[in-house]
Amino acid sequence: MRTLDNTLQQLLWEGTVIPAHPLALNEDRSIDETHQRLLTQYYMASGAGGIAVAVHSTQFEIRDPEVNLFETVLKWASEEVEKAALQRPFIKIAGICGATAQAIQEAETALKYGYDIGLLSMGGLQSWTEQAILDRVRAVAAIIPVFGFYLQPAVGGRIFSYSFWRQFAEIENVVAIKCASFNRYQTLDVMRAVASSSRRDQIAMYTGNDDNIVNDLMTTYNFQVGKENVSIDFKGGLLGHWAVWTTKAVELLHEIKTYKKQPDNLAASRLLSKAIAVTDSNAAFFDPANAFHGCIPGLHEILCRQGLMKGTWCLNPEENLSIGQKEEIDRVYSDYPDLNDDEFVKDFLKSRS
């Protein structure tokens with residue numbers, strides 16, 4: 001069983017920005033190696049504390065036999081991190097999907113390329129019992145540290161019971177949980193389950209709730225566990241939303257951490273207003289108006305405008321920007337100029353040329 005290095009465990013616990021790594025393609029939908037590697041370099045330069053590769057933003061189709069890019073994206077990202085020789089901790093997370101046999105194979109591939117944690121998707125397991133899914137988690141955790149993942153039903157996830165998360169939290173080698181349920185009640189189930197577990201001091205909670213990022217990170221959750229009052233909070237974020245404007249995401253997390261150390265009404269008011277701007281921007285990127293159809297092309301549109309990608313193409317030709325989505329992105333660029341990191345990217349690209 002591979003366990004997590006203490007330095008990385010500390011970084012995870014302190015809270016950091018982890019972008020979900022997109023997939024850079026050429027117009028013929030072959031992989032664009034130059035920009036794929038450039039994206040990894042951008043995330044490191046932005047001050048992110050890690051990357052999550054082969055996840056939803058990297059497109060699940062990378063696993064299709066005719067595409068066969070799963071190992072490629074893991075390998076290239078890992079190579080770029082090694083090449084950078086960062087003088088700070090940086091967490092490499094690999095997305096893991098599928099039934100138990102596939103998940104085990106993907107976990108072993110992740111280890112082969114030096115990944116620290118597996119982000120274990122629960123998608124596509126609608127017919128499985130909760131106990132069968134927990135057995136799958138245990139099988140993967142016996143190989144690589146696990147980042148749990150509560151995925152919203154709109155994009156292939158399912159709703160789990162409080163009891164499921166209570167048992168999940170007790171599994172050895174689960175080091176973190178990403179909550180992307182996009183639902184307050186389901187988020188509370190996970191937070192209460194972890195707070196009630198014997199491993200609450202070993203599991204770092206990360207928000208994946210793109211519709212509630214700032215509020216999640218600002219909030220301390222208090223639960224009565226027996227005779228004890230237990231506090232738990234989200235440490236950082238593992239987000240597709242943070243795959244763009246990443247430098248500003250790093251600044252935002254720092255601002256929230258500063259506020260939590262010394263809360264005051266003015267800072268709270270400023271952050272709550274920013275929370276609305278972030279969620280509004282996310283609506284433009286992730287396209288909830290069209291059931292998230294344009295969520296990946298929306299990210300590509302930003303990266304393309306900045307010069308970090310050549311186009312918005314996805315492996316699935318049907319996956320395009322929705323009607324009106326480009327105009328919505330124009331709007332949030334105009335309405336919230338302080339949220340984009342275009343100037344940083346311009347300097348970053350100049351330094352690479």
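Val73 is found in helix 3, a helix being a DSSP run of H or I with at least four residues and a strand a run of E with at least two, both numbered from the N terminus. The model is a predicted one, in which local features need pLDDT of at least 70 and side-chain atom pairs count only at pLDDT 80 or more, whereas totals for chains, interfaces and linings use all residues. Residues are numbered from 1 along each chain as its sequence is written, and side-chain values use heavy atoms, with hydrogens and water left out.

With a relative accessibility of 1%, Val73 counts as buried, the term standing for under 20% relative accessible area, with exposed meaning over 50% and partly exposed the range in between (1.4 Å probe, protein chains only). Contact, defined as heavy atoms within 4.5 Å, is made by Val73 with Leu23, Ile31, Gln36, Val53, Ala54, Thr58, Ile62 and Tyr115, when neighbours within four places in sequence are left aside. Val73 and Arg37 are separated by 36 residues in sequence, and their C-alpha atoms are 9.0 Å apart in space.

His21 is placed in the loop between strand 1 (17-19) and helix 2 (33-45), and is buried, its relative accessible area being 0%. Not counting residues up to four places away in sequence, His21 touches Gln36, Leu39, Thr40, Tyr43, Ile51, Ala52, Val53, Val55, Ser57 and Thr58. Gln59, in the loop between strand 2 (50-53) and helix 3 (70-84), is buried at a relative accessible area of 1%. The residues touched by Gln59, again not counting those up to four places away in sequence, are Leu23, Leu25, Ile296, His300, Trp313, Cys314, Leu315 and Asn316.

Aromatic rings were examined next. The structure holds 15 aromatic pairs, where rings of Phe, Tyr and Trp (its six-membered ring) pair if their centres lie within 6.5 Å, and where planes under 30 degrees apart count as stacked, over 60 as edge-to-face and the rest as tilted. In one of these pairs, the ring centres of Tyr42 and Tyr43 are 5.1 Å apart and the planes stand at 50°, so the pair is tilted. Tyr42 is buried, with a relative accessible area of 0%, and Tyr43 is likewise buried, with a relative accessible area of 0%. Phe164 and Trp165 form an edge-to-face pair, with 5.0 Å from centre to centre and 85° between the planes; both Phe164 and Trp165 are buried. Ring pairs also link Phe164 and Trp165 with Tyr150, Phe160 and Phe168 into a cluster.

Charged side chains were also found over rings, the criterion being that NZ of Lys or CZ of Arg is within 6 Å of the ring centre and within 35 degrees of the ring normal. Arg192 lies over the face of Tyr162 at 3.9 Å from the ring centre, and the charged end of Lys235 sits over the ring of Trp13, 4.4 Å from its centre.

Tyr162 and Arg192 also take part in a helix contact, Tyr162 on the side of helix 6 and Arg192 on that of helix 7. The axes of helix 6 (residues 162-169) and helix 7 (residues 184-196) come within 8 Å and cross at roughly 40°, axes being lines fitted to C-alpha atoms, for helices over the stretch in contact, with angles running from 0 to 180 degrees between N-to-C directions. Helix 6 and helix 7 are therefore oblique to each other, since angles under 35 degrees count as roughly parallel, over 145 as roughly antiparallel, 65 to 115 as roughly perpendicular and the rest as oblique. Helix 6 passes helix 7 in a right-handed crossing; a crossing is right-handed if the near helix is turned clockwise from the far one by less than a right angle, and left-handed if anticlockwise.

For helix 11 (residues 295-306) and helix 12 (residues 325-335), the axes come within 11 Å and cross at roughly 60°, and the two helices are therefore oblique to each other. Here too the crossing, of helix 11 past helix 12, is right-handed. The contact is made by Gly298, Glu301, Ile302, Arg305 and Gln306 of helix 11 and by Gln325, Lys326, Ile329, Asp330 and Tyr333 of helix 12.

Most residues other than glycine have a negative phi. In Ala291, however, phi is positive, near 55°, and in Phe292 phi is positive, near 65°.
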